[in-house]
Amino acid sequence: MKQTKSIKELEHISLKVREHIIKMATGGGCFLGASLSCADIIVFLYYNYLNISKDNLKDPKRDYLFLSKGHDVPALYGTLAELGILEKSRLINHLKTNDYIYWHPNVNVPGVEFHSGSLGHLLSVSMGIAYDCKLKYTDNKIVVILGDGELNEGSIWEGALVASAKKLDNLIAVVDRNKFQANLATEDLIPIEPLDKKFEAFGWNVFKCDGHDFNALENIFNTLPQGDGKPVVIIADTIRGKGLPSIESRADRWFCNFSNEEINQLLEELYSKHKTNLTSETLVVR
Amino acid sequence: MNYEQLLLDLLQNDQRYVVLTAENRASIRNLPNVIQDRFIDTGIAEQTMIGMAAGLALRGRIPIVHALAAFLTMRAFEFIRTDIGIANLPVKLIGAVPGFLSDGNGPAHQAIEDISIMRGIPGMNIFCPADEEDMLLGLQKILPYNSPFYIRYNNSKPGIKHSNFEIGKAEVLSSGEITILTYGILLNEALKAKKILESAGKSVGIVNIRTIKPFDKGTILNLCTDSKLVVTLEDHFLTGGLFSVLSELLVLENLNCKVFPLALNSWFKPAMLNDVMEFERFTGKAIADKILKEIES
């Protein structure tokens, strides 16, 4: 039985993880908005749901977490650091050539199952994992986090059809529904709503919850249907840049590269919620 | 023994193997009933098939995936490059109807740039068997091999008895003043061309390249330095295939030899295979004529 954390403890851990994330938004920067939106989901999954620890990273009986959008990797690295799977001292190597910590996941960082960055890939890769677990009759849980912008990719919908056809009910996709893609609100570019109905029509079990509410996440994950032949998608309602009011839900704060002074102010803002006066230019990478 | 029987033997003796197909069942119709859940038909979804193959390989499986060569290598290219290539997973990619073998289908189905794009992936290997016997000899070594491999599926009737297969070794059938380097179905045409050229008083070396990557550099370089003319013969675009591989090698080795490429410059006329070869002038007779003309010029 997995040892779990209380909601209060999870909230404390997620603040620590956010600190790690914010510290990566300098010296070249990172995809801050998308990392902050899925931080609570990743913290919840590692601490209270998935059987993944420092001791079982190569064990075929472990559970799996895949980051399909990939640019949310600071949230993963922050969580792995808090768990002790990744040495905290390595986080300062972000974007340094002496390590493998950069804008997308690399398998040379302990705890990373597979690289990503090209959108629309890891749904099918995690389906391969899920299929093999079915073949071996093992009860691993396989979770893949998808971005909402990523749902533009045709390979996601191709995979959604096949996952349902192959009855991969050991597969859980979590959509980090932060309502933005690179430059624009999703609904202003390629509207994806009604998203629940789309997945339902593809034969999936669909659930929705607040992706920043640990109670809600716990309720959903603890009551998922078992063995009904349908893959599960959880549409997690999130806020891009969650935790930093000065960048929350802003289309122009996707990729962020701040000065050290701004980083210090943002770390204060994380606790005080007093908006920082950000002067670094907004970056559009795409 | 045919391809399907080879797979069946392997699958029954080794649980690591799984077979995937993007609804391309022509060569594996009888497998589903026997191997059941280890036969995974993803439907017409090449990208998903490759992604799943990567996931299965991460769990220790050796996936053997099937699709028409054009759609396998091109529709799913970025999945092959990113999920199989970067991770160097031992997935075996079986491309059906490559080169001239797509006969009447037309340009959409013509995989004649497949070698070019597959060899651009670091760690990817390529096998172009001359016929069914050659393919079965090769696959026995290639399927268990711990690296990704692209195979140009070819179950045509063997014209000769092949020698032992080794990854990275070409099959040298003869040597002479003219050396024809080739692969796939054109080996048979090269052998026909040899007879015609011999009756014109020329001695002809014939090389079945087999694995174009890894390329048998030592053997080929020796043959090049001993030949007056080296012909590269392939059902592939001129760019990126055997001619390119050889040219790169000669430049790197600072060697000068006379190379005459016979390859495609554009999509070929869709028709039944023999008519394609006639029309495109890739029959043994047409090849011999082109070589004689080249020598005389």
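**Figure 1. Strand E8 of chain B and its two partners.** B:Ile178 sits opposite B:Leu229, a residue of E11(B). This is a predicted model, so read every view here with that in mind. E8 (residues 178-182) of chain B and E11 (residues 229-237) of chain B pair in the parallel sense, over five bridges. E9 (residues 204-208) of chain B also runs parallel to E8(B), and five bridges join the two. In that pairing, look for B:Leu181 opposite B:Val207 of E9(B).

**Figure 2. How well covered is E8(B), on one face or on both?** Five of the five residues in this strand are buried, so call E8(B) mostly covered. Side chains in a regular strand alternate between the two faces of the sheet. Here both faces of E8(B) are covered. B:Ile178, B:Ile180 and B:Thr182 are buried on one side, while B:Thr179 and B:Leu181 are buried on the other.

**Figure 3. The mixed sheet of chain B.** Zooming out from E8(B), you get an open sheet of five strands in the order E7-E9-E8-E11-E12, with mixed pairing. E7 (171-174) and E12 of chain B stand at the edges with a single partner strand each, so one side of each has no neighbour in the sheet. From one strand to the next, the twist averages 20°. E7(B) pairs with E9(B) in the antiparallel sense, over three bridges. B:Val172 stands opposite B:Val207 of E9(B) in this pairing. Helix H8 (residues 186-199) of chain B lies across E8, E9 and E11 of chain B, and H8(B) runs at about 175° to E9(B).

**Figure 4. The parallel sheet of chain A.** Over in chain A, five strands make an open sheet in the order E1-E2-E3-E5-E4, and the pairing is parallel. E3 (residues 171-177) of chain A and E5 (residues 232-237) of chain A run parallel, joined by six bridges. For a landmark in that pair, find A:Val175, which faces A:Ile235 in E5(A). Helix H4(A) packs on the sheet and touches E1, E2 (142-147) and E3 of chain A. The direction of H4(A) makes about 170° with that of E2(A).

**Figure 5. Helices H1 and H9 of chain A side by side.** The axes of H1 (residues 7-23) of chain A and H9 (residues 260-272) of chain A come within 10 Å, crossing at roughly 160°. That angle makes H1(A) roughly antiparallel to H9(A). As for handedness, H1(A) passes H9(A) in a right-handed crossing. From H1(A), the contact residues are A:Leu15, A:Arg18, A:Glu19, A:Ile22 and A:Lys23, and they meet A:Ile263, A:Leu266, A:Leu267 and A:Leu270 in H9(A). Sorted by type, the residues of this contact are six nonpolar, three charged and no polar.

**Figure 6. Where chain B touches chain A.** Chain B puts 22 residues into the contact and chain A puts in 18 residues. On the side of chain B that touches chain A, the elements giving two or more residues are H3 and H5 of chain B. H3(B) gives the largest share of that side, nine residues. By type, the chain B side divides into nine nonpolar, seven polar and six charged.

Figure 7. H5 (residues 77-85) of chain B is mostly covered, with seven of its nine residues buried. The buried ones are B:Phe77, B:Phe79, B:Ile80, B:Thr82, B:Asp83, B:Ile84 and B:Gly85. What covers them? The cover includes H4 (122-135) of chain A, along with H3 (46-58), H4 (69-75), E4 (92-96) and H6 (114-119) of chain B.

**Figure 8. B:Met272, out on a loop.** You'll find B:Met272 in the loop between E12 (259-264) and H11 (273-280) of chain B. Is B:Met272 buried or exposed? B:Met272 is exposed, because it has 10 other C-beta atoms within 10 Å. Leaving aside residues up to four places away in sequence, B:Met272 touches B:Asp103 and B:Gly104. B:Met272 and B:Leu101 are 171 residues apart in sequence, yet 8.9 Å apart in space from C-alpha to C-alpha.

Technical notes. Residues numbered from 1 in each chain as written. Chains lettered and ligands numbered in written order. Predicted model: local features only at pLDDT ≥ 70, side-chain atom pairs only at ≥ 80, totals over all residues. Axes fitted to C-alpha atoms, helices over the stretch in contact; angles between N-to-C directions. Helix = DSSP H or I, 4+ residues; strand = E, 2+ residues; numbered from the N terminus. Parallel < 35°, antiparallel > 145°, perpendicular 65-115°, else oblique. Left-handed = near helix turned anticlockwise from the far one by under 90°. Contact = placed C-beta atoms within 7 Å. Nonpolar A, V, L, I, M, F, W, Y, C, P; charged D, E, K, R; others polar. Buried ≥ 20, exposed ≤ 12 C-beta atoms within 10 Å, placed from the backbone. Pairing = 2+ DSSP bridges.
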